[in-house]
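Dear colleague,

Please find the structure below, handed over for your records. My notes on what was found in it follow.

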Amino acid sequence: MDKFISQTDSSLKKKKRRWKPKGRQVENSFYEEVSNLLRGIKFKRDELIEYLHLLQDNFGVLYDKHLVALSTITNLPLSEIYEVATFYAHFNIVKNSDTFEPIKVVRVCESLTCELFGAQKLLSDLKSSENKNIKVVPGPCMGRCDVAPTVCVGKNYVDNASASKVEKAIQENRFEVVVPNYISLDEYKKNGGYNIVNQIRNGEISDNHIIETLKDSGLKGKGGAGFPTGMKWEIVSKYNGKKYVAVNGDEGEPGTFKDRTYLERDPHRFLEGALIASLFLKASNVYIYMRDEYPSVIKILSDEILKLENEEVVSKGHFILRRGAGAYICGEESAMIESIEGKRGLPRHRPPYVAEVGLFGKPTLTNNLETLFWVRDILEKGSKWFAEKGLNGNKGFHSFSVSGRVKNPGVKVAPAGITIQQLIDEYCEGMQDGHIFKGYLPGGASGGILPAEMNNIPLDYGSKELADLGCFLGSAAIVVLSDKDSMKDVALNLLKFFEEESCGQCTPCRVGTEKTVKLMKENIWNKQKLSDLSEVMAQASICGLGQAATNPLNSVLKYFANEISYD
Ligand SMILES: Cc1cc2nc3c(=O)[nH]c(=O)nc-3n(C[C@H](O)[C@H](O)[C@H](O)COP(=O)(O)O)c2cc1C
Ligand code: SF4
Ligand code: FES
């Protein structure tokens, strides 16, 4: 204790004078640039990701000096801004340089279907197009698997891509989004659009009728888990106080492109469904979380929401569109809610479930975009219209996103309970010439892989036959594989995807995906180690990503063992 030296007047005088506050300082010119950009915006913490988009859209990168300025202007710790910006793949941070060059990113999809159609060669060919303003990077599924391989040049997609097509787009400066033709608000209204909304507002359709119709129809959530929609709406409606609707438009499951297809054709059918959900719940707001990989959909939705506000179909600000920034995990509903709140997309521990404690701590209805797309039709045409579409006791239909080795890929609306063979023969004009059917993914990257001999399994949620084989339907993303495809390569591609997209929050998934990929890259697989890892990940991971990540591995071990060498 007697070692304590008091701060005497003379010792204080010896201290160096400090002219600035502690910590990193904002530079005037950067402060000016950011404050000009944010002028008129009332700062909200949950809009942080929107501000980061604004900066990157305007300056071409996230320059660290702009982030320091953003921190000063918003009064948010720099570390918090930095941790959010670095979580999302679409943000490009430029550090510690005196100047910065705007970057246009060329993103080459390297997920399964695109890889089957030559993505890796395309990626290495395009690397030669790189310069200080063009950065070529790989990226996960961009929801265009029916026109694989695909490359995103800025915000402009080059489908059925070749290196020369992409280079031409770069030379011609075609970086901007291309918006397809879609059903306008006027056209939609002429065909009975928003009549159901009006009937609910006039009291002609009761809450009870909505719930009973949804329940009888058998509609199950189209996001992957297949939870009965009527039951979910009822559960959330029972909570008191402020509530929200949060729409999941993240569509990141490799092989899935149905949500994009519907939104690019008929956006109001979805918007009406979302409005019906919100009227039913008396929700304060509807948040629509849309993945950044769909710039055309973001443009369509922001234009059409504005029209709805101008025509007073919805009050100003009722629909809030939020843009993701390239993170598959944000499709998991609690991670999506974190992201809407402007944070990193880390899945939450449950319970409590988001139905009770969701967005901003309030009860929240989360639905996949396609689930809401069908609500108007079901209420208009009756529960039977939907229920009767199923086969062999299954109710309704699915929008199968079919890609891979079939002649005519695309979104196929087909009965729940259909088999893969029927899908290929009756909806996709059969296999591509020169390809023999060998296997298929019944439910995207996480739903497992089945061999062609198992071509008679009914495809639906809760299908016992699928579950008994270790598979599930998920978002109904079907990838058809042929004798030209190596199942070892297929499984490795899928596992690499999970390794890349794991949020890293829990050890079994973070370390497990990495170790599994490493072991699967070996010529000879250590079956015991792989099975142990798979078991730990399935049992101990926090969310569905880690729990299901090794499904493709387990399927290959089970059904395609002849293609693997073991020690
Ligand atoms: C890793 C992971 C990714 C997911 N990705 C999506 C997605 O991209 N879109 C989606 O609607 N649901 C996704 N889900 C499911 C959601 O958590 C949630 O169940 C769904 O949005 C609920 O809507 P629904 O009942 O209408 O299906 C994902 C789940 C997990 C575990
Ligand atoms: S399982 Fe994976 S993705 Fe899910 S919380 Fe854990 S680390 Fe994150
Ligand atoms: S767009 Fe490439 S795999 Fe889906």
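Two residues are in contact if their C-beta atoms, placed from the backbone, lie within 7 Å. This is a predicted model, in which local features need pLDDT of at least 70, side-chain atom pairs count only at pLDDT 80 or more, and totals for chains, interfaces and linings use all residues. Residues are numbered from 1 along each chain as its sequence is written, while chains are lettered from A and ligands numbered from 1 in the order in which they are written.

**Ile542**

Leaving aside neighbours within four places in sequence, Ile542 is in contact with Pro347, His349, Gln505 and Cys506. Its C-alpha atom is separated by 8.4 Å from that of Gln505, 37 residues apart along the chain. Ile542 lies in the loop between H24 and H25; helices (H or I, at least four residues) and strands (E, at least two) are DSSP runs, numbered from the N terminus. Ile542 counts as buried because 20 other C-beta atoms lie within 10 Å. The cut-offs are 20 or more other C-beta atoms within 10 Å of the residue's own for buried, 12 or fewer for exposed, and partly exposed in between.

**Helix H26**

Seven of the nine residues of helix H26 (551-559) are buried, namely Asn551, Pro552, Leu553, Asn554, Ser555, Val556 and Tyr559. Their cover includes strand S14 (450-451) and helices H22 (487-501), H23 (507-520), H24 (527-540) and H25 (544-548).

The axes of H22 and H26 come within 8 Å and cross at roughly 165°; axes are lines fitted to C-alpha atoms, for helices over the stretch in contact, and angles run from 0 to 180 degrees between N-to-C directions. H22 is therefore roughly antiparallel to H26, a term for angles over 145 degrees. On the H22 side, Met487, Lys488, Ala491, Leu494 and Leu495 meet Pro552, Leu553 and Val556 of H26. By class, this contact of H22 with H26 has seven nonpolar, no polar and one charged residues. Here Ala, Val, Leu, Ile, Met, Phe, Trp, Tyr, Cys and Pro count as nonpolar, Asp, Glu, Lys and Arg as charged, and the others, Gly among them, as polar.

**The sheet**

Four strands form an open sheet in the order S9-S8-S7-S10, with parallel pairing; two strands pair if DSSP finds at least two bridges between them. At the edges are S9 (319-323) and S10 (364-368), each of which pairs on one side only. S7 (244-249) and S8 (285-290) are joined by six bridges in the parallel sense, and Ala246 has Tyr287 in S8 as its bridge partner.

Yours sincerely

Terms used:
Parallel < 35°, antiparallel > 145°, perpendicular 65-115°, else oblique.
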